[in-house]
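Biologist: I would like to learn how to read a protein model with some care. Could you take me through this one, giving the general idea before each case?

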Amino acid sequence: MLGPMTAPDFQQQLRDVELRVTRPRLAVLEAVHAHPHADTESIISAARALLPEVSHQAVYDSLHTLTHAGLVRSIKPAGSVARYETRTGDNHHHVVCRTCGSIADVDCAVGHVPCLTASDSHGFVIDEAEVIYWGLCPECSSRPQ
């Protein structure tokens, strides 16, 4: 069953974007919130821990709907499958470990959208900049090479 402290917040988030409140959507929102930057398979497992009967397709459909509604953000670092997070609506970026693939949030140094100015917009009205920093996480960088 969904946790009593978080379910009402997720229910209201769904209502705020005019989505129907369903058990699969609540389970997926809670799973993504509890496991930021998780891939789809991890979210399926976490959602099933909350709602054992949820199908793969229901999780995929919920992720698509929640991403489209702006409640979930999908990030796709090069060489990785899509990852999901509930931190949306702010201007943050990510750092990815080249060795183990771990991902962490990085707040934008400037703070407004977009936080980077393109040298040439080519006539586009730019409203977002997505940055991924690459390196080694503390655990991987401390291992002997």
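Biologist: Which pattern does the chain follow when it is read along the sequence?

Modeller: Before the pattern, a word on the source: this is a predicted model, in which local features need pLDDT of at least 70, side-chain atom pairs count only at pLDDT 80 or more, and totals for chains, interfaces and linings use all residues. Residues are numbered from 1 along each chain as its sequence is written, and side-chain values use heavy atoms, with hydrogens and water left out. Helices (H or I, at least four residues) and strands (E, at least two) are DSSP runs, numbered from the N terminus. Here the chain follows α-α-β-α-α-β-β-β-β-β-α, with 5 helices and 6 strands.

Biologist: What is the mean pLDDT of the chain?

Modeller: The term pLDDT stands for the predictor's confidence in each residue, from 0 to 100. The mean for this chain is 88, and 90% of its residues reach 70 or more. Over residues 1-8, however, the pLDDT is below 50, and beyond near neighbours in sequence this stretch has 9 contacts in the model, where contact means heavy atoms within 4.5 Å. Where pLDDT is low, the predicted coordinates should not be read in detail.

Biologist: Which residues have the most contacts inside the largest nonpolar core?

Modeller: A residue is buried under 20% relative accessible area, exposed over 50%, and partly exposed in between (1.4 Å probe, protein chains only). A nonpolar core is a set of buried Ala, Val, Leu, Ile, Met, Phe, Trp, Tyr and Cys residues joined through side-chain atoms within 4.5 Å. In this chain of 145 residues, 37% are buried. The largest nonpolar core has 25 residues, and those with the most contacts inside it are Val28, Ile43, Val59 and Leu66. Two or more residues each are given to this core by α1 (7-16), α2 (23-34), α3 (40-50) and α4 (56-69), and the largest share, 6 residues, comes from α2. If residues up to four places away in sequence are not counted, Val59 touches Val28, Ile43, Ile44, Ala47 and Val54.

Biologist: In what order do the strands of the open sheet of 3 strands stand?

Modeller: Two strands pair if DSSP finds at least two bridges between them. The order in this open sheet is β1-β3-β2, with antiparallel pairing. Because β1 (38-39) and β2 (73-75) stand at the edges with a single partner strand each, one side of each is left without a neighbour in the sheet. Strand β3 (residues 83-85) is joined to β1 by 2 bridges, and Asp39 stands opposite Arg83 in β3.

Biologist: Which strands are joined to β4 by bridges?

Modeller: Strand β4 (residues 92-97) is joined by 5 bridges to the antiparallel β5 (residues 103-107) and by 4 bridges to the parallel β6 (residues 132-135). Val96 has Ile103 in β5 as its bridge partner, while His94 has Ile132 in β6. Since 5 of its 6 residues are buried, β4 is largely enclosed by the rest of the structure.

Biologist: Is His92 buried or exposed?

Modeller: His92, which lies in β4, counts as buried because its relative accessibility is 2%. A polar contact is a pair of N or O atoms within 3.5 Å; within protein, one must be able to donate a hydrogen and the other to accept it, and residues adjacent in sequence count only if both atoms are side-chain atoms. The side chain of His92 has such a contact of 2.7 Å with that of Asp90, and another of 3.5 Å with that of Arg87.
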